[in-house]
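Okay, thanks for making time, everyone. I'd like to walk you through one structure today, a few spots at a time. Let me put it up on the screen.

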Amino acid sequence: MSAPVIRFNDLSYSYGEGVLRRQVLFGLTERINAGEVVIVKGPSGSGKTTLLSLLGALRGLQTGQVNILDHRLDGASKDEQLAVRREIGFVFQLHNLIEALTATQNLIMALRLHPEIENPLEVAHRTLEAVGLKHAFELHPQQFSGGERQRVAIARALVGGPKIVLADEPTASLDGVTGHTIVKMLRGLANEQGTAVLLVTHDVRILDVADRILTLQDGRFVEGSDDV
């Protein structure tokens with residue numbers, strides 16, 4: 001079995017202070033292996049996005065332990081958190097592309113975090129081609145359909161060769177066919193490159209791509225979290 005690249009133990013999180021304090025995660029523990037696709041499903045407000053932001057070093061930890069690619073996030077400095085984020089590809093519900101830049105330029109911007117990668121133009125074009133956008137190197141986001149913009153966003157997440165992809169509701173604004181195509185791309189990445197994919201969603205149309213499904217409800221993993 002592949003080694004875990006994401007490990008978290010007794011992970012809890014709260015918003016606010018004093019009488020306004022509201023706990024949203026309660027003692028979560030799980031491991032995710034290289035090459036594994038894990039979907040976290042649950043209703044809105046169940047804590048899915050908060051969990052993803054903690055594992056992606058986008059939000060500071062409060063209690064519990066998190067280990068990402070053998071880097072401890074609990075007690076990590078800002079520089080250490082940045083180093084972890086460079087190893088992760090992020091895909092969000094909103095593509096967050098820079099409208100003034102072409103698809104190629106959006107990817108090259110992402111590659112600035114990876115100065116070790118040579119020939120960034122070639123890498124950007126190869127990645128766009130891999131997601132079916134060979135025809136669109138010089139097009140701007142406003143010239144794409146919603147599904148194509150999300151493909152550019154996925155290409156941007158993958159262009160640095162991440163070992164982990166964290167995806168937050170990537171299909172919420174897409175039709176069923178396009179959404180399934182998007183997650184199958186992530187499934188292929190896991191199979192071909194051993195990338196771990198953690199995807200949070202309430203979209204039941206895409207559950208069949210997962211190796212495992214974890215159900216998060218009111219900040220806790222509940223019955224129904226199991227292998228597919």
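So, to start us off: how many bridges join strand 9 to strand 10? The count is two, and these strands run antiparallel. One caution before I go on: what you're looking at is a predicted model.

Let's stay with that pair for a moment. Strand 10 covers residues 220–221, and its R220 stands opposite Q217. The two strands make a hairpin with two residues between them, and in that hairpin D218 takes a positive phi near 50°.

Now look at the other partner of strand 9. Strand 3, residues 37–41, pairs with strand 9 in the parallel sense, and that pairing runs over four bridges.

Next, a lysine. K48 sits in helix 1, which is residues 48–55. K48 comes out as buried, because its relative accessible area is 6% and the cut-off for buried is under 20%. What does K48 touch, leaving aside residues up to four places away in sequence? The list is V40, K41, G42, P43, E169, V200, T201 and L216.

For contrast, go to A83 in helix 2, residues 78–85. A83 is partly exposed, at a relative accessible area of 36%. From A83 to I108 you go 25 residues along the chain, and their C-alpha atoms are separated by 19 Å.

Last stop, a helix pair. Two packed helices are described by the angle and the distance between their axes. Here the pair is helix 5, residues 146–158, and helix 6, residues 176–193; their axes come within 10 Å and cross at roughly 15°. Under 35 degrees counts as roughly parallel, so helix 5 and helix 6 are roughly parallel to each other. Their crossing is right-handed.

Which residues meet there? From helix 5 we have G147, Q150, R151, I154 and L158, and from helix 6 they meet T178, T181, I182, M185, L186 and L189. By type, the residues of that contact split into six nonpolar, four polar and one charged.

That's my tour; happy to go back to any of these spots.

How values were computed
Residues are numbered from 1 along each chain as its sequence is written. This is a predicted model: local features need pLDDT of at least 70, side-chain atom pairs count only at pLDDT 80 or more; totals for chains, interfaces and linings use all residues. Side-chain values use heavy atoms; hydrogens and water are left out. Axes are lines fitted to C-alpha atoms, for helices over the stretch in contact, and angles run from 0 to 180 degrees between N-to-C directions. Angles under 35 degrees count as roughly parallel, over 145 as roughly antiparallel, 65 to 115 as roughly perpendicular and the rest as oblique. A crossing is left-handed if the near helix is turned anticlockwise from the far one by less than a right angle, and right-handed if clockwise. Contact means heavy atoms within 4.5 Å. Ala, Val, Leu, Ile, Met, Phe, Trp, Tyr, Cys and Pro count as nonpolar, Asp, Glu, Lys and Arg as charged, and the others, Gly among them, as polar. Buried means under 20% relative accessible area, exposed over 50%, partly exposed in between (1.4 Å probe, protein chains only). Two strands pair if DSSP finds at least two bridges between them.
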